[in-house]
Amino acid sequence: MGGIFGVASKSDCSLDLFFGVDYHSHLGTRRGGLAVLNEDGTFERSIHNISNSPFRTKFDSDINDMHGKLGIGCISDYEAQPLLVHSHLGSFAITTVGIVTNKDELVQGILDASKTHFLEMSGGEINQTELIVALINQKNTIEDGIRNVQEKIKGSITMLVMTKDGIYGARDKLGRTPLVIGQKDEGYCLSFESHAYLNLGYKDFKELGPGEIVFVTPEKVEQVQKPGDKMKICTFLWIYYGYPTACYEGVNVEQMRYNCGAYLAKRDKENNIKPDCVAGVPDSGTAHAVGYANESGVPFSRPFIKYTPTWPRSFMPTNQNQRNLIAHMKLIPVQQLIKDKSILLIDDSIVRGTQLRETTDFLYESGAKEVHVRPACPPIMFGCKYLNFSRSKSEMDLIARRVVRQFEGDDVSPEVLAKYCNPDTPEYAKMLEEIRKQLHFTTLRFHRLDDMLDSTGLDHCKLCTYCWNGVE
C-alpha cells in the first residue's frame with residue numbers, strides 16, 4: 001500500500017510534515033521520503049530505507065535541516081519517492097500511492113514516441129512515480145498532466161504534486177484510495193489517512209471525491225477538477241489497512257469493524273456453537289472480535305498478546321518463511337486463558353492461510369480445546385489489480401484459489417469461479433470445508449459479502465469487491 005501527506009503553511013511546515021508522514025507508518029514498510037520547498041525557492045529531499053527501523057528514527061535528524069512552508073512526504077511499500085523534477089512545466093516534487101497495471105505498455109509508448117529514457121531501479125523495474133511524471137509532462141500544464149494520468153493508467157494513482165506556488169492534490173479516478181484535507185489557522189494539509197492530522201491541530205476540511213483535483217496554498221483550497229460520479233473505494237481499507245481512528249467517506253474504521261463482528265455474530269446465532277470466549281488476531285482482528293462479543297454476549301478475551309518492540313510489522317520481510325517466523329514470535333500466549341477453552345477466533349482475512357494455521361496450531365499446543373475461525377471478509381479469490389494489496393506473485397498463492405484448482409484443475413471458467421464465490425452454493429460449501437481441514441480449524445465460516453458491505457453503511461455500488469467476486 002503506502003501513504004502520502006502534504007502541508008501548505010504560513011509558517012515552517014517541517015514538524016507537521018514529519019509527524020503527518022509518520023502517522024502513515026502502518027501503510028508501508030520499505031521506504032520513507034520527505035521533500036520541502038526551501039525559502040530560497042529550491043527543493044530539498046530526503047529518502048531512507050525503513051525496512052528495519054521506524055520512519056521517525058531515520059528522519060529525526062533530517063527534519064532539523066529541512067525548513068519551508070510547503071512540503072510533501074510518503075511512506076512507500078516499494079519505490080523511492082518523492083521525486084524532484086525539472087521539465088518544461090518547471091520544477092516540482094511529486095509523490096504517489098497506488099499501482100499502474102499497464103505500466104509496461106505506457107513506458108514503451110513513451111519510449112517509442114519521444115526517444116527518451118527511464119532510470120531503472122534494482123531488478124530492472126521502472127520507478128512507477130517516474131512514469132507518472134512522464135505522463136504529466138506530455139501536457140502543457142500540470143493540471144492537464146494530472147488529467148492525462150487519470151485517463152491513461154489502469155489501476156489507481158492518487159498523488160501530491162508540489163510546485164513553488166502550492167500543492168496539487170488529486171484522488172484517483174474512481175476514488176479507490178482516499179485523500180482528505182485538514183485545516184488550521186496556519187494553513188492546510190493533505191493526507192491519505194484522516195487521523196494523521198488530528199493531533200497536529202488540524203480539523204476536517206474536505207474529503208476529495210473520485211478524480212477530484214485541488215490546488216492548495218497556505219491561504220486557500222482551489223478546486224481544479226470536480227469529482228466524478230462513479231466511485232469504487234477499496235473495501236479492504238476498512239477491513240485491514242486502515243488505522244482504527246481513520247475515516248473513509250465518513251465511515252470510521254473501528255466502527256465498521258465492530259459492525260462486521262456484529263454481523264458475524266448474528267449469522268452464528270443460527271448455529272449450535274457455544275465458545276467460551278471470542279478473540280481477535282491482533283491488531284486488525286481485535287475490533288471485529290469486540291463487535292462479535294458485544295452482539296453475541298460471548299466474553300471477549302485476549303488469549304495471546306502481541307509483542308512488537310523488535311518486529312512491529314509481520315509483513316515486513318519479503319521472504320515468506322521469515323514473515324511466518326516473525327508472526328509466530330509476535331504472539332505470546334496467556335496459558336490461563338487458553339487451556340481447555342473453546343475459542344472463537346476472528347482475523348481480518350485469510351490470504352495464503354499459512355500464518356492463521358500456525359496461530360491455530362499454536363493455540364492447540366497451548367491447550368485450547370476448540371478453535372472456531374471467523375474471517376472478517378469473504379474468501380479472497382482474485383489478486384488485486386488496483387492497489388498494491390499483496391506481495392503475492394500469483395493468484396495460486398491464495399488458499400481459496402488453490403482449493404478451487406484442487407477440485408477443478410487449472411482451467412477454471414469464470415462461471416465456475418462465480419459458484420465458488422457464492423456462499424449459497426454447494427461448491428462454496430465444499431471449498432469452505434476443505435479450507436477448514438487444511439488449516440486445522442474446528443469450524444470455519446467466512447463473512448458474507450453482503451453483510452460486510454452492509455457494515456460500511458455505504459451504497460454497495462460505491463465499494464470495490466474485485467478481490468472477492470471478480471466484479472470490476
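**The largest cavity**

A: The largest cavity has a volume of about 110 Å³. A cavity here is a set of points on a 1 Å grid over the protein atoms alone where a 1.4 Å probe fits but cannot get out, and lining residues have an atom within 4 Å of a point. Points are joined across faces, edges and corners, and the volume is the space filled by probe spheres set on them.

Before going on: this is a predicted model, where local features need pLDDT of at least 70, side-chain atom pairs count only at pLDDT 80 or more, and totals for chains, interfaces and linings use all residues. Residues are numbered from 1 along each chain as its sequence is written, and side-chain values use heavy atoms, with hydrogens and water left out.

The largest cavity is lined by 13 residues, and closest to its centre are Cys234, Phe236, Cys384, Cys464 and Cys467. Helix H6 (236-241) and helix H16 (466-469) are the elements that each give two or more residues to this lining; helices are DSSP runs of H or I with at least four residues, numbered from the N terminus. H16 provides the largest share, three residues. By class, the lining has 12 nonpolar residues, no polar ones and one charged. Nonpolar covers Ala, Val, Leu, Ile, Met, Phe, Trp, Tyr, Cys and Pro; charged covers Asp, Glu, Lys and Arg; the others, Gly among them, are polar.

Methods. 1 Å grid on protein atoms, 1.4 Å probe; cavity = no way out; pocket = protein on both sides within 12 Å on 5 of 7 lines; lining within 4 Å.
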